[in-house]
Amino acid sequence: MVAFALTLGIATFAYAYQISIDEGWIVYPYYFLSSAINYSPASNVGSFGLSIALFLIPPLAFVRHVQLAEKIEDDQRVLKILNKVSLWSALISAIGGHGVAAWQASANVQIHLFFAGVFFAFTLFIAVIQVVLDYKCKVTGLGARLRQINAVLALGSLGTMAIQGLLVLIKYDIRNVPRSWIFPMSMFELIFVGASLGVYATFFPDFKGLNITLSVTKQQGSGQAEINFEERGGKNRSDSMNSV
């Protein structure tokens, strides 16, 4: 599921970029992600492919949430809260991503920028919180090291974009920004999105050897869905949801 979501997202943007470049909608130095999905048919490709990829983010975050819950002690209340914040941030960022894909800048730039802000903010929350949880829960291995790199890249690229944006507002009219400023900003945006979303790719090593089964049982007047997680080595975890 991790590989499918990432491959679909990358392939969608690559194809949308190709369409937009071929049609002349993207020219140097405007290589922003939004530019790739601004007009049809690139916007149709983007909305379709990204919606499927974004739909898979909350389930991935939920599996990670359950994994970390096993490592958090009962008296570590702050870590429990951070683990829940990470899970909800994944849901909110996915909604933000859907909004970006659904409302292109050419349709309504204010709504587009609002959802982009939601998407950027909450994906950054996840990247940083996951590093903190790794450290506090003593998680080691390839996935943990990659999450550290992703967090540094995400914070560094976003900080650089913020500084560049501030300097542009101070030095230039927003309608006459030199191309030499726009190109690096578009590149840092690509780095930020790649790094912040790359946190989900880092789950791949941690999910190896993890079997997930979903069982649904119905009794009179109520129903129960139980999700069982079995890690290599025989460790089990289950979460249940009840409905009336």
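Reader: What's the volume of the largest pocket?
Author: About 1,400 Å³, the space filled by probe spheres set on grid points joined across faces, edges and corners. A pocket here is an open set of points on a 1 Å grid over the protein atoms alone, where a 1.4 Å probe fits, with protein on both sides within 12 Å along at least five of seven lines. The model is predicted, so local features need pLDDT of at least 70 and side-chain atom pairs 80 or more, while totals for chains, interfaces and linings use all residues. Numbering starts from 1 along each chain as its sequence is written, and side-chain values use heavy atoms, without hydrogens or water.

Reader: OK, how many residues line the largest pocket?
Author: 44, with Leu33, Ser34, Phe120, Glu189 and Val193 nearest its centre. Lining residues have an atom within 4 Å of a point.

Reader: And which helix gives the most to that lining?
Author: α8, with nine residues. Helices are DSSP runs of H or I, at least four residues, numbered from the N terminus.

Reader: Switching topic: how do α4 and α5 cross?
Author: Their axes, lines fitted to C-alpha atoms over the stretch in contact, come within 9 Å and cross at roughly 175 degrees. α4 and α5 are therefore roughly antiparallel, the word for angles over 145 degrees on a scale from 0 to 180 between N-to-C directions.

Reader: Which residues meet there?
Author: Among them, Phe62 and Leu68 in α4, and Leu87 and Leu91 in α5. Contact means heavy atoms within 4.5 Å.

Reader: Last one: how much of the protein is buried?
Author: 39% of the 244 residues, buried being under 20% relative accessible area with a 1.4 Å probe, protein chains only.

Note on methods. Helix = DSSP H or I, 4+ residues; strand = E, 2+ residues; numbered from the N terminus. Parallel < 35°, antiparallel > 145°, perpendicular 65-115°, else oblique. Buried < 20%, exposed > 50% of the residue type's maximum accessible area, 1.4 Å probe, protein only.
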